[in-house]
Amino acid sequence: AVLLSSTFVYNSMVTIDQSAVDKLHYVTELTECIKVKSHSNEDDSMNFARFFPAFVWAVRDFTLELVFDKKPITEDEYLDTALKLKTGNSKEVQAYNMPRECIRNYFPSRKCFVFERPASTAEKLRKLEELTEDELEATFVKHAEKFCQHIFNTAQTKTLKGGHIVTGTLLGNLAVTYVDAIRSGAIPCMENAVTALAQIENSAAVKQGHEHYMKEIERRTKFPTATAEEFSDVHAACEKEAIQIFINRSFKDDDRKCQGEIMRVIHLSYEQFRQRNEQESANLCTQVIIDVSRSLEEQITAGYYSRPGGYQCFIEDQKRVVADYKAFPGKGIKADEILNNFLNGKEAVAQAILQTDKTLLEKDKEIEAERVKKEAIERDMVVMKQKEEALQQNILAQQRSYEENIQQLKIKMEEDRIKLLEEQERVMDSKLKEQNALQEKNFLEKANRMNAEIENLRQEKAKTESQSWVSAALETVGTIATVALPGWGKLAGVAPLILSKFVRN
């Protein structure tokens, strides 16, 4: 319950006395039953306050007056009074203080509620579950409502170190991890449990983000696209959403391997979709050129153009083929390349028809051959330029992918930093409050022993407030990107500029 809850409600009967505190004996054994860090031989009980839930003590069938030294006190003051330490070093004093010190040190916040008997007669108590609210004691109902309001308004969502929210799936995996450790005879380690949980959750985050990308690309893209840029824009939008899904679900990806994996699998899928876009365009264009040139091919086969004036007829028919081909809509990014291949394939036929045409002078034939050659070169230049633009578009898509990963990681890290600072401040406040309470009661030795804990917390907080760890994490992503995004190596000189922009911002 302590490991899995965000608010721990402990029930006792009648009053908070020594017997009630003694029944909470497990608290004194926490350092033997739970470890915070896996590779530490030191007493890490001082870190329990970071992981442990808020503590609520519910005293049922309470019969005492809330009075101390003849002055009214609140329920919380009643709990603080019950948890006061005794002075001295005898075994009896140590036994008395031990559970109280543990409760004061381990739980970041403490609250107390007292409940009078819900019913005044034995008969009503025997059938308590059958009673309506009106039949219960008014003071009991009042205190119960106060208790419920406190739980509803202040109970936090269960989180892991750094403020990562524990979802239902995470809670189930966390419980399995702890139970497996206990069944094996090992001491449950919170650090190991969180690491194991992160591996499971981060792998699932990669899978979920990738599946979203695949699904959305299929839904939003009508293959083949008119231009490479059009497909690249759809890819960028889908990738941004996929990265957001991964970032929102993942946690403790300190080495950024899982972020590198989502970059890698999305890039591979992008390449597959890009090749599919090209192939579907090529297939469609090939079929269109076959259809519109069928008559031309039949005329060539029949020798129709092997006659005086045949060359001019061939050129006009070929122009009609080109016009019909260009008029066909939705051919995609391979339209010019397939047309160029077709026309290049007809150059030898055209040259043969030209040479056999008796109506043309030799000079005219030379001029025409030069014109055809020039047009072929211009078409080749257009296709080559389109291929270069497509390659550049692919590299820019990888740059955009890199920038999107960096941007979203920076936002996530800033959110995590704020959560971690809030956690550190909460623990610091708790420690300082406890230290002040000990000093006020003249437990100076115990108060001084807390100085090291408080100083460590201050140093951790100062480190969290600095930006150096953000820069290191972003540089790690840059290194991973060179592996996950093959084209990124061509932009290696751009990477430091992009990184510095995000770090400055």
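This briefing walks through the chain as a whole, its sheet, and several individual residues. The model is predicted, and the chain contains 20 helices and five strands. Of the 505 residues in the chain, 42% are buried, and the accessible surface amounts to about 28100 Å², with 53% of that area belonging to carbon and sulfur atoms. When contacts between residues at least 6 apart in sequence are considered, 76% of them join residues at least 24 apart.

**The sheet and the helix packed on it**

- Three strands form an open sheet whose order is β1-β2-β5, and the pairing in this sheet is parallel.
- At the edges of the sheet stand β1 (7-13) and β5 (110-114), each of which pairs on one side only, and the twist from one strand to the next averages 20°.
- Strand β2, which covers residues 54-60, pairs with β5 in the parallel sense over five bridges, and Val-56 has Lys-111 as its bridge partner in β5.
- Helix α4, made of residues 75-82, packs on this sheet and touches both β2 and β5, while its direction makes about 115° with the direction of β5.

- Lys-331 is located in the loop that runs between α13 (310-327) and α14 (335-345).
- Because its relative accessible area is 10%, and the cut-off for a buried residue is under 20%, Lys-331 counts as buried.
- Leaving aside residues up to four places away in sequence, Lys-331 touches Pro-224, Ser-281, Leu-284, Cys-285, Tyr-325 and Lys-326.
- A polar atom of the Lys-331 side chain lies 2.6 Å from the backbone oxygen of Phe-328.
- Computed along the sequence, Lys-331 and Glu-280 are 51 residues apart, yet from C-alpha to C-alpha they are 8.9 Å apart in space.

**A cis peptide bond at Pro-224**

- Pro-224, one of the residues that Lys-331 touches, has its place in the loop between α9 (190-220) and α10.
- The peptide bond that joins Phe-223 and Pro-224 is cis, with omega at about -5°, whereas most peptide bonds are trans.

**The loop between α10 and α11**

- Ser-250 lies in the loop between α10 (228-249) and α11 (257-292), and Ser-250 counts as buried because its relative accessibility is 5%.
- Not counting residues up to four places away in sequence, the residues that Ser-250 touches are His-164, Asn-202, Ala-205 and Lys-412.
- Lys-252 is also found in the loop between α10 and α11, but with a relative accessible area of 41% Lys-252 is partly exposed.

- Most residues other than glycine have a negative phi.

**Cysteines**

- The structure holds zero disulfides.
- Cys-148 is partly exposed at 31% relative accessibility, and Cys-313 is partly exposed as well, with a relative accessible area of 22%.

Note on methods:
Residues numbered from 1 in each chain as written. Predicted model: local features only at pLDDT ≥ 70, side-chain atom pairs only at ≥ 80, totals over all residues. Heavy atoms only, no water. Helix = DSSP H or I, 4+ residues; strand = E, 2+ residues; numbered from the N terminus. Buried < 20%, exposed > 50% of the residue type's maximum accessible area, 1.4 Å probe, protein only. Contact = heavy atoms within 4.5 Å. Pairing = 2+ DSSP bridges. Axes fitted to C-alpha atoms, helices over the stretch in contact; angles between N-to-C directions. Disulfide = S-S within 2.5 Å. Areas by Shrake-Rupley, 256 points an atom, 1.4 Å probe, with all protein chains shown as cover. Polar contact = N/O pair within 3.5 Å; in protein donor to acceptor, adjacent residues only side chain to side chain.
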